[in-house]
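Subject: Structure handover

Hi,

Here is the structure I promised to pass on. Please open it alongside this email and follow the residues as you read.

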Amino acid sequence: MKCLLILVTIIAGTTATRGQLTEYSSSNKGWIPYSELSSLGFSKASLQYVANESDSTFLLMMWDQRPEIKSYFSIKFSSEGNTLHSLYGILLSFFEKENWKNKDYIRVFRLGEEKVSVYKSAMIESKAIVFSTDKGGRIQFTKREVEKLFGSK
């Protein structure tokens with residue numbers, strides 16, 4: 001009986017583990033570079049896409065700025081409903097004069113399967129925003145970096 005209980009526990013644990021982890025690699029065939037944001041010789045963020053029959057799927061990979069984390073985090077989302085343009089608009093909205101002066105201006109939304117929060121973060125000589133996920137990924141962008149990442153400049 002003990003052996004059966006142990007076997008069931010191992011099988012259930014293996015199945016649950018497989019369902020919790022989904023890794024997206026930009027090196028998979030079909031991903032096309034959209035833009036890349038480099039800083040000090042490494043890629044700070046990149047945006048790639050793959051065209052599907054009905055829409056496109058985007059992969060936003062970002063360097064996690066937390067000092068204890070030395071890796072990238074990513075968000076995969078569909079272009080359905082012009083998501084890419086909407087995301088760009090949300091990020092740029094922080095740099096508008098009236099929104100920058102509003103101390104309570106924070107945007108929280110779902111991007112793909114991730115819950116994302118964006119808020120202001122003052123840098124020494126420029127304005128910046130922090131893009132963070134509920135899973136803990138966090139990166140800081142200036143207005144120029146947002147424009148470059150979304151292919152505007």
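This is a predicted model: local features need pLDDT of at least 70, side-chain atom pairs count only at pLDDT 80 or more; totals for chains, interfaces and linings use all residues.

**Core**

Start with the nonpolar core. In soluble globular proteins, nonpolar side chains tend to be buried together. Here the largest nonpolar core has 29 residues. Those with the most contacts inside it are Met62, Phe77, Leu87, Phe131, Phe141, Val146 and Phe150. Helix H2, residues 83-93, gives the most to this core, with 6 residues.

Phe150 deserves a click. Leave aside its neighbours within four places in sequence. Phe150 is then in contact with Tyr34, Ser35, Leu47, Leu84, Leu87, Tyr88 and Leu91.

**Aromatics**

How many aromatic pairs does the count come to? The total is 8. Take Tyr49 and Phe58 as one of them: the ring centres are 5.9 Å apart and the planes sit at 40°, so this pair is tilted. Tyr49 is partly exposed because its relative accessibility is 24%. Phe58 has 7%, so it counts as buried. Both rings belong to one aromatic cluster, which is formed by Tyr34, Tyr49, Phe58 and Phe77. Two of those names have come up already: Phe77 is among the core residues with the most contacts, and Tyr34 is in contact with Phe150.

**Salt bridges**

A search of the whole structure finds 3 salt bridges. Here they are in turn.

- Glu145 and Lys44: the closest N and O atoms are 3.0 Å apart. Glu145 is in helix H4 (residues 143-149) and Lys44 is in strand E2 (residues 42-51), so the bridge ties together parts that are 101 residues apart in sequence. Both Glu145 and Lys44 are buried.
- Asp64 and Arg66: the closest N and O atoms are 2.6 Å apart. Both Asp64 and Arg66 are buried.
- Glu114 and Lys135: the closest N and O atoms are 3.2 Å apart. This pair links distant parts of the chain, 21 residues apart. Glu114 is in strand E6 (residues 114-122). Lys135 is in the loop between strand E7 (127-133) and strand E8 (138-142).

Lys135 counts as exposed because its value is 70%.

**Surface**

Which residues make the nonpolar surface patch of about 340 Å²? Leu40, Phe42 and Tyr72 make this patch. Tyr72 lies in strand E4, which covers residues 72-78. The relative accessibility of Tyr72 is 36%, so it counts as partly exposed.

**Backbone**

One backbone angle to look at: Asn82 has a positive phi of about 60°, although it is not a glycine. Asn82 is found in the loop between E4 and H2. Asn82 counts as partly exposed because its relative accessibility is 46%.

View Phe150 with its contacts, including Leu84 and Leu91. Finish at Asn82 and its positive phi.

Best wishes

Notes: Residues are numbered from 1 along each chain as its sequence is written. Side-chain values use heavy atoms; hydrogens and water are left out. Patches are made of residues with over 30% relative accessible area and no salt bridge: like charges are joined within 9 Å, nonpolar side chains (Val, Leu, Ile, Met, Phe, Trp, Tyr) within 5 Å. Accessible areas come from the Shrake-Rupley method with a 1.4 Å probe; for residues, only the protein chains shown count as cover. A salt bridge is a side-chain nitrogen of Lys or Arg within 4 Å of a carboxyl oxygen of Asp or Glu. Helices (H or I, at least four residues) and strands (E, at least two) are DSSP runs, numbered from the N terminus. Buried means under 20% relative accessible area, exposed over 50%, partly exposed in between (1.4 Å probe, protein chains only). A nonpolar core is a set of buried Ala, Val, Leu, Ile, Met, Phe, Trp, Tyr and Cys residues joined through side-chain atoms within 4.5 Å. Contact means heavy atoms within 4.5 Å. Rings of Phe, Tyr and Trp (its six-membered ring) pair if their centres lie within 6.5 Å; planes under 30 degrees apart count as stacked, over 60 as edge-to-face and the rest as tilted.
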